[in-house]
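Student: I have a new chain open and I'd like to talk it through with you. Could we start with what the terms mean and then go from region to region?

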Amino acid sequence: MTDTARTARAGVPERPTLDGIEERWARRWQEEGTYAFDREKATVAGRGSTTAGTPRRHGRGDDVYAIDTPPPTVSGELHMGHVFSYTHTDTVARFQRMRGRNVFYPMGWDDNGLPTERRVQNVYGVSCDPSLPYDPAWQPPDAPVTEALRREPTPISRRNFVELCARLTADDEQVFEALWRRLGLSVDWSLTYTTIGRAARATSQRMFLRNLARGEAYQAQAPTLWDVGFGTAVAQAELEDRERPGAYHRLRFTGPDGREVLIDTTRPELLPACVAVVCHPDDERYADLVGATVRTPVFGVEVPVHAHPLADPGKGTGVAMVCTFGDLTDVTWWRDLDLATRVAIGRDGRLLAEPPDGVPVGPYAALAGQSVNAARRAVVESLRDAGDLVGEPREITHPVKFYERGDRPLEIVSTRQWYLRNGGRDAGLRAELLARGDELRWVPEHMGHRYAHWVGGLTGDWLVSRQRFFGVPVPVWYRLDAFGEPDHAHPLTPDEASLPVDPSGEPPPGYDESQRGVPGGFVGDPDVLDTWATSSLTPQIVGGWETDPELFDRIFPMDLRPQGQEIIRTWLFGTVVRAHLEHGVLPWRDAVLSGWILDPDRKKMSKSKGNVVTPMALLEQHGSDAVRYWAANGRPGMDLAFDPAQIRVGRRLATKLLNASKFALGLGAADALRTPATTPLDTALLAELSTVVATATAAFDGYDHTTALQATEAFFWRFCDDYIELVKERAYGTGPGADSARAALATALSVQLRLFAPVLPYVTEEVWSWWRYGSVHRAPWPTTYEVGRAITGTGDPALLRLAGDALGQVRRAKSERRLSMRAEVPLAEALGPAGLLDQLTLVADDVRAAGRITTLDLLPDRAPELVIASAF
């Protein structure tokens, strides 16, 4: 890293401007390694002293501040929500760096998974067909393709498809990086990683194999939430309820002795999958039916009647049919009551060609191969013809489960999948993970309740396998028996040293490729790991777990996890699970959660609503500091409306900082640094600045960048509008009073630049370069001790406010008379309490000079508060 302390001063330009500073300083920061993490200086317990003198948890030294940066999904465009939250994190990194911490601030790209596949399909009009051979000469069509090609995509091999995914994400990542650099993120770009990169694949597979060896990962054939559109299983954490229109259909089942049993259902198409009927144990209406059987309409299948507490006596007729599987409650009933299985719907979302066991072929034939909606219409028509549809369907609106990225309702099908234990079925592990949540520092604090609610409400383990292509392959193979059937109970695994592996293209140890798919040979697991199963390992990936143990010891556990509140259940919880199982610790100390970005109508911005604003044009129009200023006005966990007016305020602030700094330096402030301020007005300024430093420091320590910015900004405007105006005449002169003014200006400017630096990195670096050496972002964070050393005696902040009030009244009098601010005031009378006027005498010379007052008379006890009466 270049020693930025040797960077020469640039001198004050004749015409300061914000134009072009982003490109110039971004290049300089990269060339000089301003934000580089210095691993050689990072300490480990027992290998050197730490800044605080004591080692940190898990062998870490306290000199490092490590951030587990959220890797954005590179399957579209960055939007203002990204700018909002990543700016918050960057203010933390900059503050900690100035506090003397060795900041580990990486950047990752989350480039595997379903969103990338969907983007590739839409951009190039292709689909993946694993049965096709690899074509090394294949080239994609020019993008974007026609809508017709999207509707009828070109099938390509899995390897061709994966290569195309990698190609598109690489292009997207360059665009993302350019935007992040323009925004001024103080990332160490040498620490960049991708979740599909070789290191990430090896880390993800290594952790999976260790989970498997300890019994934490397991395979099971079970009912699975299935997204028909994507053709894959999804996990509980990826579900969302969406209100959809539906209808209740009242069906007539037949009980013993021809008894009529009426059942309401929204899914009559699942009638051939019915395996039981349930009622509540305390429902006397059906008590005599429990243990008996009833016959389904249309299909005439005998199914048992059971009692179960989840049956709701007040819903519908109080009795429900259990189908395998209509919803998650069906799964619970099926498991609790040990019911039979009749699968009717396949992975393609259509009814199977053959009827389930025990269902007659005749009435089922009309449903075979039909879509769910078509089958529903056919069953309803059959019920109506048989007289077993009681009344007409009653239209309703009800919540339906969707995969969060999908556009079709989920089905539940029986599949073989990989799971990771997460406390959903283990009370002991659940308690341990809840305790981890209590250990974590949550910002805002109430976000911890969301974590506890999620963990407490888990109903199953984490489903980590996906039936997709662009992801980290599940690193196992299966022996094939003499009949070519795989032995799922005894998977073949690779050595960790050989990772990453791709079982679809590599043989397992002890086999060769000729044995693939033949009896007595092997077959690779065709699935990939859920993207969160890799993203949950971001600390291990970027920290070099098991591949760079010295680095890992220096940065893990990390200090900060910044992220969105909506992915507490996925990214945050998943990372806690993996670190707890492998390392026995939390992966970080603090979690800071972002709020939402709202549009001007106070609605959440989202791509689906079409109200997303993309940031690059705003950065180019207003400047990065202005956009960062807007973002920093939103606190962690709090929503913020997108407001172009607020961005313009940020632009004016940055411009004022340029001009006020030029003016102060023009008064000779640069040569007065580290000399004491002696006059009352100057010491008053610095005394108030000392309280601002204390406020901003405490706020940043608490991840409250907004309070830090507001305190600094309020002081800055008083500094510009009051202090500079009051002191400039004196500062132009010579002697002790002028020396004091220049000393106060120098200290105030130096401190304010550093206070603003985390939020406004470009303009502060620009001004710093005019008169100071090195980078403001490597300069020490200001302290109250530093400011106090610049004060001779004690300072009274009230004096600055009093002088500012007096000058403000004189200005208003001139403005009301439409006079120039440079107009002379022959006489001004100061009225007010005697004690207040005694204080005013301490700054009276500066008030007279700034107000161009010839005579200032003090008239004590003539008014209850300060009044300046100007005579012209």
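Tutor: Let us settle one term before anything else: a residue is called buried when its relative accessible area is under 20%, and exposed when that area is over 50%. Please also keep in mind that this is a predicted model.

Student: Fine. Which helix is mostly covered, then, and how many of its residues are buried?

Tutor: That is α15, residues 568-583, where 15 of the 16 residues are buried. The helix is followed by G584, whose phi is positive, near 70 degrees.

Student: And the chain as a whole, what share of it counts as buried?

Tutor: Of its 872 residues, 55% count as buried. The secondary structure comes to 26 helices and 29 strands, and the C-alpha atoms fill a box of roughly 110 × 65 × 55 Å along the principal axes. Among contacts between residues at least 6 apart in sequence, 78% join residues at least 24 apart.

Student: Let's go to the second largest pocket. What volume does it have, and which residues lie nearest its centre?

Tutor: The second largest pocket holds about 1,600 Å³ of space, and of the 50 residues that line it, T266, R267, G326, D327 and H398 lie nearest its centre. Among the elements that give two or more residues to this lining are β9 (239-254), β10 (260-265), β14 (319-323) and β15 (394-403), along with helices α7 (328-336) and α9 (372-386).

Student: Which element gives the most, and how does the lining divide by class?

Tutor: β9 gives the most, with seven residues, and by class the lining has 22 nonpolar, 13 polar and 15 charged residues.

Student: What does β9 pair with?

Tutor: β9 runs antiparallel to β15, to which it is joined by 10 bridges, and it also runs antiparallel to β10, with six bridges between them. On the β15 side, R244 has H398 as its bridge partner, and H398 is also one of the residues nearest the centre of the pocket. On the β10 side, L251 is bridged to I263.

Student: How many residues sit between β9 and β10 in the hairpin?

Tutor: There are five residues between β9 and β10, and in that turn D257 has a positive phi of about 60 degrees.

Student: New topic: T683. Is it buried or exposed, and what does its side chain reach?

Tutor: T683, which is found in helix α19, residues 680-701, has a relative accessible area of 4% and is therefore buried. Its side chain reaches the backbone oxygen of P680 at 3.1 Å. Leaving aside neighbours within four places in sequence, T683 is in contact with A677, T678, I791, T792, T794 and G795.

Student: Last one, E14: buried or exposed?

Tutor: E14, in the segment before α1, has a relative accessibility of 71%, so it counts as exposed. The C-alpha atoms of E14 and K662 are separated by 8.8 Å, although the two residues are 648 apart along the chain.

Methods: Residues numbered from 1 in each chain as written. Predicted model: local features only at pLDDT ≥ 70, side-chain atom pairs only at ≥ 80, totals over all residues. Heavy atoms only, no water. 1 Å grid on protein atoms, 1.4 Å probe; cavity = no way out; pocket = protein on both sides within 12 Å on 5 of 7 lines; lining within 4 Å. Points joined across faces, edges and corners; volume = space filled by probe spheres on them. Helix = DSSP H or I, 4+ residues; strand = E, 2+ residues; numbered from the N terminus. Nonpolar A, V, L, I, M, F, W, Y, C, P; charged D, E, K, R; others polar. Buried < 20%, exposed > 50% of the residue type's maximum accessible area, 1.4 Å probe, protein only. Polar contact = N/O pair within 3.5 Å; in protein donor to acceptor, adjacent residues only side chain to side chain. Contact = heavy atoms within 4.5 Å. Pairing = 2+ DSSP bridges.
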